[in-house]
Amino acid sequence: MSIPILRQLGILLALVGFACGVHPATAAHAAIGTDVANTEMPTLDGGKARLLGNVEADVLVFFRPNQERSLGALRELAQCQKAFAGKSVRWTAIVSSSAPAESVALMMRETRFDAAVLVDRGDALYGSLGLALHPVLVIVGRDHKLAAFEAFRSVDFCSVVSARIRHVLREISDDELKRALDPPRAAEDGNGLVARRYRAFAAALFKDKNYDKALDNVRKSLDHDPLLAPAHALMGEILLAQGNCAEAIPAYDKALAIDPAIAAAKQGLERCKLAR
């Protein structure tokens with residue numbers, strides 16, 4: 001079956017997944033454990049480089065220039081990758097050969113995502129992996145087998161990606177990964193629903209660097225559900241962004257006491273330690 005047909009089939013599967021409520025990361029992709037060839041690919045600057053490195057986790061990020069979701073994903077990943085500095089993780093951005101090189105370079109500069117950019121001629125790699133959405137992140141293990149996929153999500157993308165990478169690095173267990181991907185939900189009563197809505201609004205404000213209003217809303221979230229671990233973690237993130245590690249650390253500790261698998265809280269504690 002040709003690559004164009006595979007791509008069309010992948011898109012159809014993704015659309016069916018959306019209609020059925022399936023998360024994009026599980027809607028269309030090659031099977032976990034599939035071998036990935038370490039092919040030589042052109043770089044954005046006209047050179048050549050291998051797709052995979054001699055590392056425990058190769059993180060491949062497929063994105064499109066001039067796409068708002070891709071812009072948001074790269075911005076989050078630029079912050080996310082800081083927690084893996086010095087670890088056996090290699091980040092690579094991958095764009096279609098049809099993408100304007102100038103637009104790609106501009107997006108990399110604007111988002112400060114620190115990664116080499118490889119050009120996927122004719123979307124051959126994208127098609128071989130059975131992908132159908134942008135942006136999407138693919139993790140390949142040291143054995144050059146597919147380890148994980150994650151499509152961009154507007155909430156907790158960095159936390160989810162971090163958990164997936166840490167799982168490949170064997171820093172967290174299968175159970176911890178499962179809890180990170182599907183954390184215990186608050187009771188489906190009025191307070192639980194309102195708490196999550198306030199938390200989502202606070203996350204959006206935080207991304208816009210409106211820290212004071214974000215802090216107000218995350219506190220409202222916790223007023224409605226004091227055991228909402230992601231809200232405690234977000235409070236820590238906001239306080240850390242304000243340079244207030246003294247108050248951020250208790251917020252992170254509370255988040256981890258409720259859900260030990262929250263990657264954002266673990267990373268925040270590490271950043272606070274380094275800031276001392």
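**Figure 1. Lining of the second largest pocket in the predicted model.** The residues that line this pocket are Glu56, Gly141, Arg142, Asp143, Lys145, Ala147, Ala148, Arg164, His167, Val168, Arg170 and Leu177. Two elements, β7 (146-151) and α6 (157-168), each give two or more residues to the lining. The most is given by α6, with three residues. Sorted by class, the lining comprises six charged, four nonpolar and two polar residues. The space in the second largest pocket amounts to about 220 Å³.

**Figure 2. The disulfide between Cys245 and Cys272.** One disulfide is found in a search of the whole structure. The sulfur atoms of Cys245 and Cys272 are 2.3 Å apart. This pair links distant parts of the chain, with Cys245 in helix α11 (residues 245-258) and Cys272 in helix α12 (residues 263-275), 27 residues apart. The angle about the S-S bond is -95 degrees, and the link of Cys245 and Cys272 is left-handed. Both Cys245 and Cys272 are buried.

**Figure 3. The tilted aromatic pair of Phe62 and Tyr126.** The structure holds five aromatic pairs. In the pair shown here, the ring centres of Phe62 and Tyr126 lie 5.9 Å apart; the pair is classed as tilted because the planes stand at 55 degrees, which falls between the limits of 30 and 60 degrees. Distant parts of the chain are linked by this pair: Phe62 belongs to strand β3 (residues 57-62) and Tyr126 to helix α5 (residues 124-128), 64 residues apart. Phe62 counts as buried because its relative accessibility is 2%, and Tyr126 counts as buried at 3%.

**Figure 4. The edge-to-face pair of Phe152 and Phe157.** The rings of Phe152 and Phe157 are 5.0 Å apart, centre to centre, with 80 degrees between the planes. Phe152 is buried, with a relative accessible area of 9%. Phe157 is likewise buried, and its relative accessible area is 2%.

**Figure 5. The aromatic cluster of Phe84, Trp91 and Phe113.** Phe84, Trp91 and Phe113 are joined into this cluster by ring pairs.

Figure 6. With neighbours within four places in sequence left aside, Asn217 is in contact with Tyr198, Phe201, Ala202 and Leu205. Asn217 counts as buried because its relative accessibility is 9%, under the 20% cut-off.

**Figure 7. The buried residues Cys80 and Cys158.** Cys80 has a relative accessibility of 0% and therefore counts as buried. Cys158, at 17% relative accessibility, also counts as buried.

How values were computed
Residues numbered from 1 in each chain as written. Predicted model: local features only at pLDDT ≥ 70, side-chain atom pairs only at ≥ 80, totals over all residues. Heavy atoms only, no water. Disulfide = S-S within 2.5 Å. Helix = DSSP H or I, 4+ residues; strand = E, 2+ residues; numbered from the N terminus. Buried < 20%, exposed > 50% of the residue type's maximum accessible area, 1.4 Å probe, protein only. Contact = heavy atoms within 4.5 Å. 1 Å grid on protein atoms, 1.4 Å probe; cavity = no way out; pocket = protein on both sides within 12 Å on 5 of 7 lines; lining within 4 Å. Points joined across faces, edges and corners; volume = space filled by probe spheres on them. Nonpolar A, V, L, I, M, F, W, Y, C, P; charged D, E, K, R; others polar. Phe/Tyr/Trp six-rings, centres within 6.5 Å; stacked < 30°, edge-to-face > 60°.
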